[in-house]
Amino acid sequence: MKIVVLVKQVPDTWGARRLNLDTGWLDRGGSEAVIDEIDERALEAALAYQDSNDAEVVALTMGPDSAKDMLRKSLAMGADSAVHILDSRLAGADLAWTARVIAAALTKLGYDLVIAGNESTDGRGGVLPALVAEHLGVPLASYLDSVAITADSIAGERSTELGTMSVRAPLPAVISVTERTAEARFPNFKGILRAKKKPVTVWSLDDLGADAAASPVRSVVLATSERPARSAGTQIVDDGTAGVELAEFLAARHLI
Amino acid sequence: MSNVLVLIETAPDGSVGASAAMLLGAASRLGTPVAVLAAAPGSAAALAESLGSLGAERVYLAETDSVSSLLLTPQVAALAAAFTALEPSAILVANSIDGREAGARLAVRVGAGLLVDAVDVRAEADRIVASHSVFGGSYTVESTVEGGPVVITVRQGAMDGRAEAKVAVVESITLDIDATGSTVIESMRPLPAASDRPDLRGAATVVSGGRGLQSKEKFVLVEQLADALGAAVGASRAAVDAGYVPQTSQVGQTGVTVSPQLYIALGISGAIQHRAGMQTAKTIVAINTDADAPIFEIADFGIVGDVFTVVPQLIDAIGKRSGTS
Ligand SMILES: Cc1cc2nc3c(=O)[nH]c(=O)nc-3n(C[C@H](O)[C@H](O)[C@H](O)COP(=O)(O)OP(=O)(O)OC[C@H]3O[C@@H](n4cnc5c(N)ncnc54)[C@H](O)[C@@H]3O)c2cc1C
Ligand SMILES: Nc1ncnc2c1ncn2[C@@H]1O[C@H](COP(=O)(O)O)[C@@H](O)[C@H]1O
């Protein structure tokens, strides 16, 4: 089985994340770039299957040059190889174009199962897996809280605002996982050493052909503005009357 | 005026989902609101009436058994059929799990553009502009789509405007569904009957609890304060991970984003990922035993104290103020 995991480099959520006010794009100098936590879980779902089954695991990303560090980490965790879609023309690509490019790369690469995170922490689109599945014309089983992979199908629990359902799809398929799935393993020393020898293939837009070209319908950022940061107000230490004082504060603001 | 499609999500019992009123309200400001839905056979008449009362001028309805067995395939097929028939300028879906997926699939299928997680939409000359609140509300971004129609996913609870009631014209459609490319729903467990508390998204007041509540049993304190204030209940990821509350209550980076009039954080440290989901609240109150907890950096009123002594006193004081009740 060939499992391709979609991994994305994002600004660390622990730092201050910034947008460029002129372009509306991510300011990559703003904070440290890391592999998205949710994509580590996606990789873990693939590696857990590989632990006891015959499977090839490929990490795939579309991103700037710096994304290669994150691919190395994916290899150190246990992926067999990596594909990096790298092309300066893709800077600022919208979700629709990103999905076309990733779908074209998946078609070129071949796959039985594609595993993504449910939602990236920077874009928070939560749509890329669906866009990619539709381009590929394969079933999508998204937002899985648990993942059971068999030789010819994928099953799991999916929770929405309405309830929890058990779903199943035949392979090939695209799935996305939530942060309810297993936490990712840490790369060990051996993994880090071996990662250095594993292949990383770099593809440009030209390698992917016409299917990866931008569509004439595109989204455009018109304006970006920054909200003033919040500041602290009153802070008191409870001396036995804080509950009453808080009620007074809320009443003064007409909140009770 | 151009048609604006709205995907209506229905609950397992067939009732209209909570986001319908907001979406139809938003659609009425952009054009002629057309509700599109796939629902179980026999539900048409009741649905049409309630959608009309929420402002739908037309209802495009596909009655099919497959809504309970094929994951979103009927919904996307219904949207695609309505798209072909009505040539809309925009398609609005909720930024819910199902809404996003159906919207994304439709955008690829019909070649429309896609804007996600809008907190506001407006028509401007010949284009539709969406506003987004990015990085926990630190930035506001306005965007549009050039070159074709647009699918917009709208954040639940983000818009207050509602449309005038209409008597909707219903059109029934038959779908041609290909089950082979679809994920199958094997079973469904609805969420336990919703409480009387307001929905977390869009609530005017939210009371959230964190790991400081110590246990599922003790988390009841959060619910008691919420009920005294008529508030919704939220939680930190640590409280969800510890099993105090279901995941649907999680506020933050990877949970729900709220922007209420009042947000009360109980036993929550205020990690940056939690703040990303609530820092645009109008008034923030925090109670925490640790004077250095980062939540205090953004609190309008912070109490260094034990939630198990301060909150009961607060509930008592609220009860006394509301007098007769
Ligand atoms: C990618 C990513 C995404 C994340 N997404 C989210 C998210 O969406 N939402 C989220 O909340 N977190 C999220 N987190 C986790 C976040 O980093 C924190 O771990 C989490 O918010 C901590 O929850 P907490 O404040 O309840 O727990 P803690 O940090 O353990 O804080 C508990 C607090 O309770 C106080 N306390 C203890 N006892 C009492 C008492 N008796 N009375 C009063 N106070 C008391 C303590 O002083 C402490 O400050 C995310 C993390 C990552 C890496
Ligand atoms: N540029 C990218 N390269 C690889 N995978 C991506 C990229 N963007 C998004 N993804 C995948 O799609 C998931 C959801 O992303 P999003 O729709 O942007 O929230 C992520 O968790 C990744 O698995």
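1. B:Thr283 is buried, with a relative accessible area of 4% (buried means under 20%, using a 1.4 Å probe and protein chains only). This is a predicted model, where local features need pLDDT of at least 70, side-chain atom pairs count only at pLDDT 80 or more, and totals for chains, interfaces and linings use all residues. Residues are numbered from 1 along each chain as its sequence is written, chains are lettered from A in the order in which they are written, and side-chain values use heavy atoms, without hydrogens or water.

2. Have a look at what surrounds this residue. Leaving aside neighbours within four places in sequence, B:Thr283 is in contact with residues including A:Phe249, A:Leu255, B:Tyr263 and B:Asp300 (contact means heavy atoms within 4.5 Å).

3. Now for the helices. In chain B, α5(B) (residues 220–229) and α8(B) (residues 307–321) pack at about 20 degrees, with their axes 10 Å apart. That makes α5(B) roughly parallel to α8(B) (angles under 35 degrees count as roughly parallel; they run from 0 to 180 degrees between N-to-C directions, and axes are lines fitted to C-alpha atoms over the stretch in contact). Among the residues making this contact are B:Leu221 and B:Leu225 of α5(B), and B:Phe308 and B:Ile315 of α8(B).

Methods
Helices (H or I, at least four residues) and strands (E, at least two) are DSSP runs, numbered from the N terminus. Angles under 35 degrees count as roughly parallel, over 145 as roughly antiparallel, 65 to 115 as roughly perpendicular and the rest as oblique. Buried means under 20% relative accessible area, exposed over 50%, partly exposed in between (1.4 Å probe, protein chains only).
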